[in-house]
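Hello,

Here is the structure I said I would pass on. Please open it first, then read my notes below.

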Amino acid sequence: MLVVLGGLPGTGKTTLGKALAVRRSAAYVRVDEIEHALTHHAKLGPEIGAAGYMVAFAVAASNLRLGSLVITDSVNPVPASRQGWQDVARGEAAHLLEIEVICSNVVEHRRRVETRTADIAGFELPSWSSVMGRDYVPWTSPRLVVDTALLTRDEAVAAIEAAINGLSGGVPPTS
């Protein structure tokens with residue numbers, strides 16, 4: 001199964017993705033880490049376009065072929081990136097669970113963006129103005145919406161796990 005977490009920076013995608021990956025012993029694919037490696041370590045520069053997503057799609061597909069549950073973490077801001085994940089799931093004959101992570105409390109969302117620290121060495125976190133100015137096309141595809149302003153981390157993880165179990169025929173967590 002492919003679980004795609006998308007949403008603006010600071011909504012809680014990484015917190016939820018890491019927690020899910022640990023609980024479910026899943027592969028975890030984070031586009032920020034891939035893009036950071038491409039721009040800073042591979043020295044491709046800041047204008048890598050969709051390269052990070054292309055690498056993430058390939059890594060996710062590889063792990064799906066191994067039979068792994070794959071959790072992905074990316075802003076996923078435009079229909080093309082969302083379609084890419086859909087194509088990966090279809091190509092690997094995997095179930096797909098798309099999740100849009102939001103924080104409906106603007107004050108809380110801003111606080112998170114402005115006070116968090118980077119968990120990737122050398123990674124520059126976006127400012128609040130860049131988050132709000134980001135090109136983010138509203139979703140039109142079916143998805144689970146998780147509002148982290150209304151749910152604790154554990155409640156959000158439980159809601160996602162319930163959706164995973166529903167799609168996978170009720171198979172309980174492995175941990």
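Which element gives the most to the lining of the largest pocket? It is α2, with six residues. Keep in mind that this is a predicted model.

First, the pocket. The largest pocket holds about 1,100 Å³ of space. Its lining is made up of 40 residues. Nearest the centre of the pocket lie Asp 32, Arg 116, Phe 123, Leu 125 and Pro 126. Two elements each give two or more residues to this lining: α1 (13–24) and α2 (31–41). By type, the lining has 13 nonpolar, 15 polar and 12 charged residues.

Next, a pair of helices. α1 packs against helix α7, which covers residues 153–167. Their axes are 10 Å apart, and the angle is about 60 degrees. The crossing of α1 past α7 is right-handed.

Now look at where the two helices touch. On the α1 side, find Thr 15, Leu 16, Ala 19, Leu 20, Arg 23 and Arg 24. They meet Arg 153, Ala 156, Val 157, Ile 160, Glu 161, Ile 164 and Asn 165 in α7. What kinds of residue make this contact? Seven are nonpolar, two are polar and four are charged.

Best wishes

Note on methods. Residues are numbered from 1 along each chain as its sequence is written. This is a predicted model: local features need pLDDT of at least 70, side-chain atom pairs count only at pLDDT 80 or more; totals for chains, interfaces and linings use all residues. Side-chain values use heavy atoms; hydrogens and water are left out. On a 1 Å grid over the protein atoms alone, a cavity is a set of points where a 1.4 Å probe fits but cannot get out, and a pocket is an open set with protein on both sides within 12 Å along at least five of seven lines; lining residues have an atom within 4 Å of a point. Grid points are joined across faces, edges and corners, and a volume is the space filled by probe spheres set on the points. Helices (H or I, at least four residues) and strands (E, at least two) are DSSP runs, numbered from the N terminus. Ala, Val, Leu, Ile, Met, Phe, Trp, Tyr, Cys and Pro count as nonpolar, Asp, Glu, Lys and Arg as charged, and the others, Gly among them, as polar. Axes are lines fitted to C-alpha atoms, for helices over the stretch in contact, and angles run from 0 to 180 degrees between N-to-C directions. A crossing is left-handed if the near helix is turned anticlockwise from the far one by less than a right angle, and right-handed if clockwise. Contact means heavy atoms within 4.5 Å.
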